[in-house]
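Try each one yourself before you read the solution.

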Amino acid sequence: MRKIVFLLTFMMLASSLAGCAGDDDEPSPIGEWWSAETMAVDISEDGTLIDGDGNSGTWSTDGEILTMTINDPANFNFAVQGDWMWLKVVDDDDDCHAFSSESIPNDEYDDRVSELTPPSFC
């Protein structure tokens with residue numbers, strides 16, 4: 001009887017942790033990213049991308065750095081927060097740019113972005 005209770009307890013603990021297995025907290029840039037009503041980039045799981053002008057390229061990440069290559073590689077600080085991705089060129093004083101995972105009408109886009117909290121690199 002004691003073995004059965006131990007086995008049942010062990011199975012309950014193991015099954016509650018099973019959902020955590022393989023869960024990494026690294027953000028993923030995979031998906032379509034929009035700047036208001038304009039599709040900026042479509043990033044595929046296979047390491048390829050298509051920009052808003054239809055140009056193909058590749059992408060990779062290393063921690064919080066996203067490298068996108070179409071003609072020349074460009075490195076960005078990036079963060080994915082829910083349905084939003086923030087990009088900022090590495091070692092540049094340019095502004096951060098917020099991209100949505102869906103098309104948003106131009107007149108609503110700025111209002112929605114202003115409600116967001118940008119990541120610390122912005």
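**Exercise 1.** Find in which order the elements of the chain run from the N terminus on.

*Solution.* Start at the N terminus of this predicted model and follow the chain: the order is α-β-β-β-β-β-β-β-β-α. Now tally the elements: there are two helices and eight strands.

**Exercise 2.** Decide whether Lys 88 is buried or exposed, and list what it touches.

*Solution.* First, locate the residue: Lys 88 lies in strand 7, which covers residues 84-89. Next, look at its relative accessibility, which is 13%. Buried means under 20%, so Lys 88 counts as buried. Finally, leave out residues up to four places away in sequence and look for its contacts: Lys 88 touches Asn 75, Phe 76, Asn 77, Asp 93, Asp 94, Asp 95, Cys 96, Phe 121 and Cys 122.

**Exercise 3.** Work out whether Glu 115 is buried or exposed, and which residues gather with it in a patch.

*Solution.* Begin with the position: Glu 115 belongs to the segment after helix 2 (106-114). Then take its relative accessible area, 67%. Exposed means over 50%, so Glu 115 is exposed. Last, turn to the surface: Glu 115 is part of a patch of negative charge there, together with Glu 37, Asp 107, Glu 108, Asp 110 and Asp 111.

Technical notes:
Residues are numbered from 1 along each chain as its sequence is written. This is a predicted model: local features need pLDDT of at least 70, side-chain atom pairs count only at pLDDT 80 or more; totals for chains, interfaces and linings use all residues. Side-chain values use heavy atoms; hydrogens and water are left out. Helices (H or I, at least four residues) and strands (E, at least two) are DSSP runs, numbered from the N terminus. Buried means under 20% relative accessible area, exposed over 50%, partly exposed in between (1.4 Å probe, protein chains only). Contact means heavy atoms within 4.5 Å. Patches are made of residues with over 30% relative accessible area and no salt bridge: like charges are joined within 9 Å, nonpolar side chains (Val, Leu, Ile, Met, Phe, Trp, Tyr) within 5 Å. Accessible areas come from the Shrake-Rupley method with a 1.4 Å probe; for residues, only the protein chains shown count as cover. A salt bridge is a side-chain nitrogen of Lys or Arg within 4 Å of a carboxyl oxygen of Asp or Glu. Lys and Arg count as positive and Asp and Glu as negative; His and the chain ends are not counted. The place of a charge is taken as NZ of Lys, CZ of Arg, CG of Asp or CD of Glu.
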